[in-house]
Structures are given as C-alpha cells and as structure tokens.
Amino acid sequence: MKCNGPAAGALRAWREDYVRRTLLGAAASAGCTALFAAYNGYLGLLHRSAWHGSIGVFYLLLTAVRGIALLAEKRNRTLPPEQQDRCRSSAFLLSAGLLLALDLALILPISMMVVLDKPVSMGRIPAIAMAAYTTWKITMASLHLGRQRRRPCGNTLAGELRTVNFIDALVAVLTLQNTLIMVMGTGEENGMLSLSAVSSGIIYAAIVAITLRMLKKGLQQRKT
C-alpha cells in the first residue's frame with residue numbers, strides 16, 4: 001500500500017536529498033572519529049605507545065578533514081550563491097592538503113603493522129566482530145563512492161566526504177588484516193611478513209593515489 005501525507009513526503013524528500021544525508025553522516029562520523037583519536041592519544045601517553053600515538057594523529061587529521069567540509073557547508077548558508085562554489089573550492093583544496101599529511105601519519109603505524117609490532121589486546125570474538133564491521137564499512141563506502149561517480153550530486157564537498165569515508169574504510173582493512181594475523185596466529189607469524197608487507201603496500205598506494213587525485217582536482221577547480 002502506498003503511503004501519502006506529510007510523513008511520507010518528508011521521508012521521500014530525505015531519501016532524495018543525497019547531499020544532506022552525506023553531511024549528517026559525516027557529522028556523526030567526525031564525532032566518533034574525534035573520540036577515537038582522543039582515546040588513542042590517551043593510550044599513547046599512558047603507555048608511551050608509538051602505535052596508539054600515531055593512530056591518534058591519523059584520526060585527529062581525519063576529523064579535521066571532515067570538519068573543514070562541514071564548516072564550509074555551514075558557512076555557505078550565509079553566502080550568496082555566486083560565492084558558494086568559491087568557498088567549497090577553497091575548503092576542498094585545504095582538506096586535500098591535509099589528506100597528504102594524513103598519508104604521512106600512516107607511515108609509522110603501517111610500518112609497525114608490517115613487522116607485526118602492533119599491540120593487540122583482544123580475543124578472537126572481538127576480532128571476528130571487528131572483521132564483520134570492517135566488511136560492512138568497506139562495502140557501504142564502496143557503494144556510496146560508486147553512486148557518487150555515476151550520479152554526481154554537484155557538491156564537491158559531499159563527494160569529498162564520500163571519498164574520505166572510503167579512505168577510512170581502507171585503513172580499517174589494514175588494521176583488521178594485521179590484527180587477525182596476530183590474534184589468530186599459530187606461532188608462525190613471521191611467515192606472514194611478506195604477505196602483510198605486500199598487501200599493506202598495495203592498500204597504502206591506493207590511499208596515496210586517491211589523495212593525489214583529490215589534490216589535483218582541487219588545484220584544477222582553484223584555477224577555474
């Protein structure tokens with residue numbers, strides 16, 4: 001039975017407003033990421049852990065990237081239409097530059113993961129739950145990124161946020177891969193060094209390529 005009325009109209013408008021859903025989702029993700037960055041920073045100081053400290057820096061930069069896009073969209077509400085694209089372009093370029101810093105922040109934790117020097121304090125059940133969550137995260141990020149490419153919404157910052165979500169998901173895959181190796185290992189973890197190094201290198205190269213593509217796009221928009 002087809003539903004009509006104000007509630008059905010509001011729900012339909014919500015489903016069709018892709019940009020608004022993207023921004024609200026990014027706001028929720030930014031809040032969770034900020035808490036995760038603070039938690040890892042605390043563990044890094046408490047235990048003098050380079051792993052937790054570097055991951056805290058990564059998620060802090062990720063929060064900043066999302067925050068720049070969200071603040072730019074909030075500011076755009078007070079700007080005339082002819083200035084909104086310029087504001088989005090400046091915010092896009094700044095956040096793309098921060099993504100380069102984010103890539104550099106990943107070098108230390110990835111190096112530790114490659115040599116299986118990542119501290120793990122979880123059992124098999126939490127690790128399996130983490131695997132299910134990471135699978136869901138990478139699937140949703142891939143679907144939204146594919147939709148963004150097939151049907152661009154015209155908002156550069158909304159598209160950027162979807163790309164940032166995909167990068168976040170790739171990092172989750174990196175962490176999951178090495179966590180499972182250490183949690184479910186059988187004492188022959190050193191034999192996994194080559195596989196860990198190759199797969200980590202491929203994923204990191206993909207992250208850097210996505211970042212450089214975003215930076216190039218931002219520079220082109222700045223010129224025009």
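Q: Why is Tyr59 called buried?
A: This is a predicted model, and in it Tyr59 has a relative accessibility of 10%. Buried means under 20%, so Tyr59 counts as buried.

Q: What makes the pair of Phe36 and Tyr59 edge-to-face?
A: The ring centres of Phe36 and Tyr59 are 4.9 Å apart, and rings pair if their centres lie within 6.5 Å. The planes stand at 80°, and planes over 60 degrees apart count as edge-to-face; therefore the pair is edge-to-face. Phe36 lies in helix α2 (residues 18-47) and Tyr59 in helix α3, 23 residues apart, and the pair thus links distant parts of the chain.

Q: Why is Phe36 described as partly exposed?
A: The relative accessible area of Phe36 is 38%. Buried requires a value under 20% and exposed one over 50%, with partly exposed in between, so Phe36 is partly exposed.

Q: How do you know which type of aromatic pair Phe58 and Tyr59 form?
A: The centre-to-centre distance for Phe58 and Tyr59 is 4.8 Å, with 75° between the planes. Centres within 6.5 Å make a pair, and planes over 60 degrees apart make it edge-to-face, so Phe58 and Tyr59 form an edge-to-face pair. The count of aromatic pairs comes to two, and ring pairs link Phe36, Phe58 and Tyr59 into a cluster.

Q: Is Phe58 buried or exposed, and what value decides the matter?
A: The relative accessibility of Phe58 is 0%. Since buried means under 20%, Phe58 counts as buried.

Q: Why is Thr63 called buried, and what does Thr63 touch?
A: Thr63, placed in helix α3 (residues 50-76), has 17% relative accessibility. The limit is under 20%, so Thr63 counts as buried. Not counting residues up to four places away in sequence, Thr63 touches Ala30, Thr33 and Ala34. A polar atom of the Thr63 side chain lies 3.3 Å from the backbone nitrogen of Ala34.

Q: What makes α5 roughly antiparallel to α8?
A: The axes of helix α5 (residues 107-114) and helix α8 (residues 193-223) come within 9 Å and cross at roughly 155°. Angles over 145 degrees count as roughly antiparallel, which means that α5 is roughly antiparallel to α8. On the α5 side, Ile107, Ile110, Met113 and Val114 meet Leu193, Ser196, Ala197, Ser200 and Tyr204 of α8. By class, this contact of α5 with α8 comprises seven nonpolar, two polar and no charged residues.

Q: Why is α4 called roughly parallel to α5?
A: The axes of helix α4 (residues 81-105) and α5 cross at roughly 30° and come within 4 Å. Angles under 35 degrees count as roughly parallel, so α4 is roughly parallel to α5. Here Asp103, Leu104 and Ala105 in α4 meet Ile107, Leu108 and Pro109 in α5. The contact of α4 with α5 has five nonpolar residues, one charged and no polar.

Q: How many helices and strands does the protein chain contain, and what pattern do they follow?
A: The protein chain has eight helices and zero strands, and its pattern along the sequence reads α-α-α-α-α-α-α-α.

Q: What share of the protein chain counts as buried, and what share of the contacts joins residues 24 or more positions apart?
A: Of the 224 residues of the protein chain, 42% count as buried. Among contacts with a separation of 6 or more, 81% are between residues 24 or more positions apart.

Methods
Residues are numbered from 1 along each chain as its sequence is written. This is a predicted model: local features need pLDDT of at least 70, side-chain atom pairs count only at pLDDT 80 or more; totals for chains, interfaces and linings use all residues. Side-chain values use heavy atoms; hydrogens and water are left out. Helices (H or I, at least four residues) and strands (E, at least two) are DSSP runs, numbered from the N terminus. Buried means under 20% relative accessible area, exposed over 50%, partly exposed in between (1.4 Å probe, protein chains only). A polar contact is a pair of N or O atoms within 3.5 Å; within protein, one must be able to donate a hydrogen and the other to accept it, and residues adjacent in sequence count only if both atoms are side-chain atoms. Contact means heavy atoms within 4.5 Å. Axes are lines fitted to C-alpha atoms, for helices over the stretch in contact, and angles run from 0 to 180 degrees between N-to-C directions. Angles under 35 degrees count as roughly parallel, over 145 as roughly antiparallel, 65 to 115 as roughly perpendicular and the rest as oblique. Ala, Val, Leu, Ile, Met, Phe, Trp, Tyr, Cys and Pro count as nonpolar, Asp, Glu, Lys and Arg as charged, and the others, Gly among them, as polar. Rings of Phe, Tyr and Trp (its six-membered ring) pair if their centres lie within 6.5 Å; planes under 30 degrees apart count as stacked, over 60 as edge-to-face and the rest as tilted.
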